[in-house]
Amino acid sequence: MTSPDLLNQLRIDRSAAPPPRKGPRKAGAVIAVAAALLGSVVAFGLLREKPIAVAVAAAQAETGAAAGASSVLDASGYVTARRIATVSSKISGKVLAVYIEEGQKVAEGEVLARLEPTDADAQRALSAAQLAAARSDVGRAEAQLKLAEQTLVRSRDLAARRLVADAALDQAQAERDALAAQLQSARDNVRVATQALALADIGVDNTVVRAPFAGVVTVKAAQPGEIISPISGSGGFTRTGIGTVVDMESLEIQVDVNEAFIGRVKPKQKVEAVLNAYPDWRIPAEVIAIVPTADRSKATVKVRIALLERDDRVVPDMGVRVSFLEDRAAADADAPAVVGVSVPAEAVVQRDGRSVAFVVKDGRAGMRNVEAGEVRDGRRRITRGLAVGEQVVLAPAAEVVDGAKVAVGS
């Protein structure tokens with residue numbers, strides 16, 4: 001074969017049809033199917049219902065004024081203690097130890113502090129020594145009196161036999177009487193010394209400061225090393241008390257009522273109290289007394305109110321608002337008592353001119369037509385449409401409708 005023939009065998013024949021290519025077409029079909037599935041998933045996600053985040057609160061049983069009584073007068077005042085004492089010592093002295101802290105409960109007679117007893121102990125030791133000396137004088141006088149009585153007996157016997165002069169008998173009698181008087185004086189001195197010792201014991205006891213009644217310490221006013229005195233020293237650094245003790249069982253409410261409305265208040269009248277610190281807690285109370293005097297500068301009359309429930313959350317000087325209640329049954333015996341529930345005021349909204357609330361159950365919001373009463377302390381009274389314990393939506397937005405899917409927020 002020649003060289004041109006060899007070159008022709010190496011040439012590629014491009015006129016022949018290329019073989020079919022199946023790989024790229026199959027990949028394109030797979031891509032098309034995957035795109036269709038992805039579009040279906042996206043469309044399902046976009047069409048699926050999205051829950052609405054809401055906040056809820058439980059409906060509470062309505063008590064107090066809304067359950068058969070209405071308020072005839074509102075007033076404000078403070079919690080006060082009828083038994084409160086700044087505890088001090090009866091004597092002046094330097095504080096040795098203090099055993100109290102603020103908030104500590106103390107029992108009646110419990111030791112709160114001690115003063116240095118140096119002077120009191122020295123006085124007691126002196127009184128004890130004086131008592132011992134007085135008792136020794138009594139012993140000596142008794143011995144001398146016994147001897148004088150024996151001498152007097154012998155002198156009488158000798159005088160009866162005319163062996164001694166009558167003057168000797170008179171002298172023996174006088175000595176016996178003098179020693180009897182000395183013995184009586186010595187015994188009187190013993191009684192005086194005993195009383196002096198008892199007084200010295202009181203002085204020692206006065207160095208111990210005790211609680212006058214059971215209560216809670218609200219103020220700690222002294223520290224060890226300070227000088228304390230029951231009488232204030234002007235211009236000095238003398239303390240006048242160890243601390244302040246309050247009897248929490250004596251807490252009550254005192255309010256100033258305008259004299260124009262004092263006729264609406266009566267002793268034993270039911271009252272509902274709300275502390276400023278706990279606006280959702282309503283405390284039953286009762287009028288103790290109307291103080292029979294008026295404040296001309298404020299034109300008010302002071303009213304004392306007893307708390308019918310005791311709780312550690314109530315402390316002196318707390319601000320409080322009270323409502324003097326009138327029993328509806330007394331005003332109208334035929335009128336039935338109104339009983340219902342209360343919910344936060346923002347849970348009730350207007351929809352199509354109706355008062356409604358939305359109750360959350362099984363992740364859905366259900367619209368309820370309710371009969372709403374007055375708003376008090378941020379809560380609205382519901383007389384019909386809700387039950388105690390149901391979860392209501394707070395401030396429902398416009399998109400919250402009957403049957404809407406909701407998610408309760410934290």
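Strands here are DSSP runs of E, at least two residues long, numbered from the N terminus. The model is predicted.

Start with the loop between β16 and β17 (319-327), where D317 lies. Phi of D317 is near 70°, a positive value in a residue other than glycine. Most residues other than glycine have a negative phi. Is D317 buried or exposed? D317 is exposed, because its relative accessible area is 62% and the cut-off for exposed is over 50%.

A299 is not a glycine either, yet it has a positive phi of about 55°. Its relative accessible area is 25%, so A299 is partly exposed. That class runs between the buried limit, under 20%, and the exposed limit, over 50%.

Turn next to a sheet. Four strands form an open sheet in the order β5-β12-β10-β7, and the pairing is antiparallel. Which strands stand at the edges? They are β5 (84-87) and β7 (105-106). Each has a single partner strand, so one side of each is left without a neighbour in the sheet. Strands of a sheet pair through backbone hydrogen bonds.

Inside that order, look at β10 and β12. Strand β10 covers residues 215-220 and strand β12 covers residues 243-246. How many bridges link this pair? The two strands pair in the antiparallel sense over 4 bridges.

Definitions and conventions. Residues numbered from 1 in each chain as written. Predicted model: local features only at pLDDT ≥ 70, side-chain atom pairs only at ≥ 80, totals over all residues. Heavy atoms only, no water. Buried < 20%, exposed > 50% of the residue type's maximum accessible area, 1.4 Å probe, protein only. Pairing = 2+ DSSP bridges.
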